[in-house]
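Q: Could you show me how to read strands and a chain-to-chain contact?

A: Gladly; let us look together.

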Amino acid sequence: MLIDVKNLSTHFVLSRGVLKAVDNISFSIDKGEILALVGESGSGKSVTALSLLRLIPNPPGKIISGEIVFEDKDLLKLNPEDMRHIRGNRIAMIFQEPMTSLHPILTIEKQVVEPLLHHKKIPRTKAMKACYQLMEKVHMSEPALRGKSYPHMLSGGMKQRSMIAMGLSCNPSLIIADEPTTALDVTIQAQLLELLKDLTQELGTSMLLITHDLGIVARYAHNVHVMYAGRIVEKASAQNLYARPRHPYTMALMASIPRIDQDSKKLAPVQGNPPDLLNLPKGCAFYPRCSKKQDQCMEHAPKLKPLSNNHEIACWMYE
Amino acid sequence: MNSLQNTKDVCLDVRHLKTFFPVYKGSFFKRKIGEIKAVNDVSFHIKRATTLGMVGESGCGKTTLGRSILLLNRPSSGEILYNGVNIMTLNHQEIRALRKKIQMVFQDPFGAINPRMTAGDVVGEPLLIHQMCQTKNEYQHTIETLFLMVGLDPCMADRYPHEFSGGQRQRIIIARALSVKPDFLICDEPVSALDVSIQAQIINLLEELQEKYHLTYLFISHDLSVVKHISDTIAVMYMGNIVEIAHKNELYDHPRHPYTKALFSSVPIPDPSIEAKRKPFIIEGEVANLIDLPSGCHFHPRCPYVTEDCKNNVPVLKLCASDTMNERQHWVACLFDNNIE
């Protein structure tokens, strides 16, 4: 087991109340595994990712409780200096928007080489060489030319390639990819995800893939955790989840997406609106939108319980 | 594409439409150094009460095409026939009247509504502009009906846009478009800003409205699954040109253009057992610079089947298959019309 997250809660204290962005979630990732976190905006996927790296802006955010055991160390107990050795070195992150997460006034090579200089403490000439090798590895055409350019001179796809190069530069054991291709076109998305998959396989890197696209999950993930309103509501292998979704939310989500390989029948949308995190219902957060609700759903929130081998679910239906 | 059997059935007929944007250099002695050919010789038609889906990557000209049809971007040349009338020759007043018939649903539910107007006023503004209500009562009543039509509670009419969620705002935008009883809607990425669970609500609403009021849609999107679901015919755009156009199932089952094939193959199917068997057909490279178009076929720098011919000759859209029984035609702009499968 590479990383083991136990009972992680991240809350934001706002003037209007306490927002429980991540509420008591546990999961683990094995070596070489691609784990997908799926959910809609506001379900807590990105906050989970940021919590793993302790990048939650404080205030207003705070990791209230939990343990993040990574390579036999609890990340939440490390001092800031030690934590800095983890970020970008052992755990790397690829952010959603390459346009805003690259530094606009530094050249690409300066940004790609930075983690190498910082973490590996190797001489600049050697680091530069490694940097160009990396850029070739992520299929950037003419690395010498691209390296000297500034982010605004590159296309979105090229920017995201340099983000991937930065992420892989120190050979991390875990990569967190937060919606890595949402802002990109489909053909570029396919190129980049194939590249990420090949590189992580080659280097034996694990990946936490955060996305809302159920198609991407089906193509790349080994295991899937579905999040709703800050909690994990269903955990399963990708095979199992798609063949037998059990949580009413997962089922509703699957029925609501149009599929390109099937002829159109009427879509069955998830009823109602996404939950207001400051004003969650008392029991199960999905209760107001659920088609299979029972009385106890209103009163008590269900806990995640194993249903069968490798399939866990938080729903009263299966009690 | 111009030899139509029955022109009465055709709602919109676009012929050789071009929309170019000049590119200038210098601030004082401004000189034109080139043109961006956003829409470059595009022809298609849409039958009444059907949906044409327009897909393509960002920058391929699909939004400009939608705006050109409403004359929001003045086309450089070509013809746009709406119910047989060339709208490019209309005068100012006639264009205004035309916009009552053709309406647009915009992409960004947060940017397309004035934040300082109440939802009711947003929906009612077109009614006032086109003077469609005689009395205040009638105006109120119409707004109420419109709210109900798109599945909103009429008592929310006094609220301001920030009080609504993205899906609800998109409903307001649809209600505003429908307020003047149009028969043609240009939907420019109407669901791309919405969450997956909300997307389906809006898609269903658009479908219901089409059935009820016999609306014709031009549905512009980059999301192929959504387009395939809602459209009857799909046109694929690449760098300002339509490269392929056919009935959706024909296009999905037998794509003729390498770009179409790559597009469909890039979309992952939400089923791991299917995905495991699928071999993605991935094309390399990125969309070229629009100012400096590649010679010959614009797709040739990325095409895996490229030959010398492609670099020199510009392919034109030609008929490659037709199903006379259903009046379905398959057009492709590729020098090789052999099956690439």
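A: Two strands pair if DSSP finds at least two bridges between them. Helices (H or I, at least four residues) and strands (E, at least two) are DSSP runs, numbered from the N terminus. This is a predicted model, where local features need pLDDT of at least 70, side-chain atom pairs count only at pLDDT 80 or more, and totals for chains, interfaces and linings use all residues. Residues are numbered from 1 along each chain as its sequence is written, while chains are lettered from A and ligands numbered from 1 in the order in which they are written.

Q: In which sense do β3(B) and strand β8 of chain B pair?

A: Parallel, over five bridges, with β8 spanning residues 216-221. There, T51(B) stands opposite Y217(B). β3(B) also pairs in the parallel sense with strand β9 (residues 233-238) of chain B, over four bridges; here L52(B) has T233(B) as its bridge partner.

Q: Why is strand β3 of chain B largely enclosed?

A: A residue is buried if 20 or more other C-beta atoms, placed from the backbone, lie within 10 Å of its own. Five of the five residues of β3 (residues 51-55) of chain B are buried, so the rest of the structure largely encloses this strand.

Q: Which residues of β3(B) lie on each side?

A: In a regular strand, side chains alternate between the two faces of the sheet. In β3(B), T51(B), G53(B) and V55(B) are on one side, L52(B) and M54(B) on the other, and all are buried.

Q: How many residues does the contact take from each chain?

A: Residues are in contact if their C-beta atoms, placed from the backbone, lie within 7 Å. Chain A gives 36 residues and chain B gives 35.

Note on methods: Two residues are in contact if their C-beta atoms, placed from the backbone, lie within 7 Å. A residue is buried if 20 or more other C-beta atoms lie within 10 Å of its own, exposed if 12 or fewer, and partly exposed in between; C-beta atoms are placed from the backbone.
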